[in-house]
Amino acid sequence: MADKKYLVIVESPTKAKTIRKFLPSNYIVEASMGHIRDLPQSASDIPAALKKEEWTKLGVNVEENFEPLYIVPKDKKKIITDLKAKMKGVDIIYLATDEDREGESISWHLLELLKPKVPVKRMVFHEITKTAILKALKETRDVDEKLVRAQETRRILDRLYGYTLSPLIWKKIAYGLSAGRVQSTGLKMICERERERMRFKRSVYWDIKAQVHPEKDRKALFDAKLTSVKGGRVAGGKDFDGLTGKLTDEKKVVLLDEKMSKDLAKNIEKAAWKVISVEEKTFNSKPAIPFITSTLQMESNRKLGMSSKDTMRTAQRLYEEGLITYMRTDSPNLSQEAINAARTMVVELYGKNYLNPEVRQYQAKTKGAQEAHEAIRPAGAEFTHPEKTGLSGRELQLYELIWKRTMATQMKEAEKASMTIKIEAGEAEFSSSGTRILFPGFLRVYVEGSDDPEAALEDKEVILPVLKKGDLLKAAVISPEHHETKPPARFTEASIVQSLEKEGVGRPSTYASIIGTILDRGYVRKDGSALIPTFTGMAVIQLLENHFEHLVDYSFTSEMEASLDKIAYGEEDWLKYLTKFYKGKTGLAKRVEEQDKKIKPEESRTIHITKDGKDMDIKVGRFGPYVVEINGKDEVHASIPEDIAPADLDPEQIKELIKTHAEGPKPIGKDPKTKQSIYVLVGRYGAYFQLGEVTDENPKPKRASLPKGKDPKTVTVDEAVQALSLPRELGLHPETKKPVLANNGRFGPYVMHEGNFRSLKKEDDLHSVDLKRAVELLSEEKGASRRGGKVLRDFGLVAKLKKKAQVLDGKYGPYIKVGTKNITLPEDKRDPKVIEKMTEAELASIVLAAAKK
């Protein structure tokens, strides 16, 4: 068949390049560059002949069976022309787009636009290896019309939802705002958590922590915590009601205040400390299930600090390069090929002792998960070791995470022993708990939530001395401790994905876009890893909850996803579903028409907050949130800085903002050079310094952000002068001979060169950082976090180990890194001078000795 020609069409050039390696020269592999047509994005996209048609504003003709108007974007017209040219002279066309609904939809659109006259076959695969591609060529099928219809229904549904509700939100709150079907539900979760924090009432309680040791062994110190007094359990944070700030059951616990805890601490100083019980038991822990899309996003966020969007973008590259299986999946199933590969590699790297006797297989718990799909794992019948991939940066980090998780699934359970010691001291009882790892099992390769298994194993162990009932102890330290209850934690990207999955909102392919959209629209901002709703985001959700409650109801959104699944399986009629959703008696079109008359813009733009018994009304406008105070005929408007979270705003802050705005700016001093006044002002993005006043001659006076953590009330003139001296020119970049600058911005201090920015590290000082350090920072991969600790000694390639080795300074002291393994240095080898003099032979003996254990 070598004389025949074939055309294989995929989505991306990377995927095309990888597949091309596996096929003979008579196979032409080309990329469509993603979607080749879609609904119109703006009025300019609509063909001139249809511009007068009212329905084209939606991009869907709701009166003609919801017929979509598909447009080929300008940048895709050349691709279509090129693909048509490549079709000439071929005998068969293979559509090799991704195996999910979106991929099926792209194949269908290609078929509709190219209109080929030769046979067309749909080939699907969940990994890009030679075996998988050749198998897919033999086991082709037709384009699945049901999957295409489900994807089209989803697209139409999202368009109807967004384009019908968004104009209403523009009218009632502010122009440019919008609503999305699943994004709004995700935003609601984040806003609900913020409201919980608003309602939260803080409580104070005290307890006692002691450091004790056996009577005859002062070195064997361990911690013990007060658990009861006179037989009554001491109250902790979980005993308080967050809404009232009071104990949920006063009769069941003893609440200690400062005086009581200090008096008790004094009383037990001279008491006899005696062990009253020792309980020890062994238990096993199992490895986590293989990655699916949601768990990969959660874990990469926790371990690597990657956003959901970055995780999926990086995983897409790994998939297209043939290194992992398809990254959009809700099935944790592992093929027999994957199980064999993992088990073989476990034995090779860790020995038979670490291999689980039985094969572990996993099934999806999620309703609608497709078991034909596989978990996210390294591709192929033999896994590529992370060191042999040739990857670096984020790609290497994510691949290694997937590799480790997959390996762990076929390793033995970790065996642990826990010990609980109860101690009597006068009328008080203390408790201490410890854990020992008897056999690490899968923990040797993978610890959930940790990026360093060796260090994590140390962290997980709390070794207690060998004690028995009746043994006497001595208290070295007795510390009364003050505690405050904490409000519910804000969502992170990891926890919001977990909640969306739990509620059945969205599908594997949508989690990253949900988070990305609400961040991009300014409905949510990130503070560290926390997702905080803005007042604008809260106003949008408030309107939807008050007037379209069912649209942001979790069960309703989950049922919509279930209906789309049924359409994909041919179990539900797509047209009836769309008709009911949009045109029914309680359909969206009718509902919006009715509510438009009822919704009052002023109410929609106002968020009412009660804090400490006082009411606050926050207004939302085009330029952000603000407060209004009416004094007789005068109205004072004051902007609320965007870095103040809704739950953290209190009446005192509002009072201060109003006062500052009403009285006008007051200078804190004068600039020694220019003799101009320096002001501290508060704007939309927080507090800032201003040099001089706004005049006709000087409409934009110099401004600078306050250094992070500084209080506008207590900043000094010197701090202002230093901040206003920025940006600092550090010199010319050695390669480009262009200036390198250091400056302070909204997200902290940074260095900059030709539009290339890098944040300064904790150890860097904005006002003393030099050119050499700035060039070093600018050369680092953008967004990459440093892995491991500071390098104390780099041995390079160690001949005896046939691997590169380094000694690094970790959280728990110096350790050796050899390849992907970390080995703790023995106590007598941890001194910096010893490390400096250590020979290759000594290092190799430590590594080999650790491998034998």
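1. Let's start with strand 23 (residues 686–691): five of its six residues are buried, so the rest of the structure largely encloses this strand. Bear in mind that we are looking at a predicted model.

2. What sits on either side of strand 23 in terms of pairing? On one side of the story is strand 22 (residues 677–683), which runs antiparallel to strand 23 and is joined to it by six bridges. These two strands make a hairpin, with two residues between them.

3. Next, helix 15 (residues 535–547). This helix has 13 residues and reaches 18 Å from its first C-alpha to its last, close to the 18 Å expected at 1.5 Å a residue. Is helix 15 enclosed or open? Of its 13 residues, 12 are buried, so the helix is largely enclosed by the rest of the structure. The buried set includes Phe535, Met538, Ile541 and Leu544, and also Gln542, Glu545 and His547.

4. On to the nonpolar cores. The largest has 96 residues, and Leu160 and Ile618 are the ones with the most contacts inside it. Helix 5 (residues 145–172) supplies the largest share of this core, 10 residues. There is also a second, separate core of 62 residues, with Phe22, Met327, Tyr399 and Val445 among its members.

5. Isoleucine 618 deserves a click of its own. Leaving out residues up to four places away in sequence, isoleucine 618 touches Phe535, Arg605, Thr606, Ile607, Ile609, Pro625, Tyr626, Val627, Ile640, Leu649 and Ile654. Phe535 in that list belongs to the buried residues of helix 15.

6. Where does glutamate 194 sit? Its place is in helix 6 (residues 181–199). With a relative accessible area of 1%, glutamate 194 is buried. Beyond residues up to four places away in sequence, glutamate 194 touches Arg490, Ile532, Pro533, Ala645, Pro646 and Ala647.

7. Salt bridges: the count comes to 43. One of them links glutamate 104 with arginine 122, with the closest N and O atoms 2.9 Å apart. Glutamate 104 is in helix 3 (residues 101–114) and arginine 122 is in strand 6 (residues 120–122), so this pair ties together parts 18 residues apart in sequence. Buried or exposed? Glutamate 104 is buried at a relative accessible area of 0%, and arginine 122 also counts as buried because its relative accessibility is 0%, under the 20% cut-off.

8. Aspartate 471 bridges to lysine 468, the closest N and O atoms being 3.3 Å apart, and lysine 468 counts as exposed at 55% relative accessibility. Lysine 710 pairs with glutamate 719 at 2.8 Å between the closest N and O atoms, and lysine 710 is partly exposed, with a relative accessible area of 39%.

Definitions and conventions:
Residues are numbered from 1 along each chain as its sequence is written. This is a predicted model: local features need pLDDT of at least 70, side-chain atom pairs count only at pLDDT 80 or more; totals for chains, interfaces and linings use all residues. Side-chain values use heavy atoms; hydrogens and water are left out. Helices (H or I, at least four residues) and strands (E, at least two) are DSSP runs, numbered from the N terminus. Buried means under 20% relative accessible area, exposed over 50%, partly exposed in between (1.4 Å probe, protein chains only). Contact means heavy atoms within 4.5 Å. A nonpolar core is a set of buried Ala, Val, Leu, Ile, Met, Phe, Trp, Tyr and Cys residues joined through side-chain atoms within 4.5 Å. A salt bridge is a side-chain nitrogen of Lys or Arg within 4 Å of a carboxyl oxygen of Asp or Glu. The expected span of a helix is 1.5 Å times one less than its number of residues. Two strands pair if DSSP finds at least two bridges between them.
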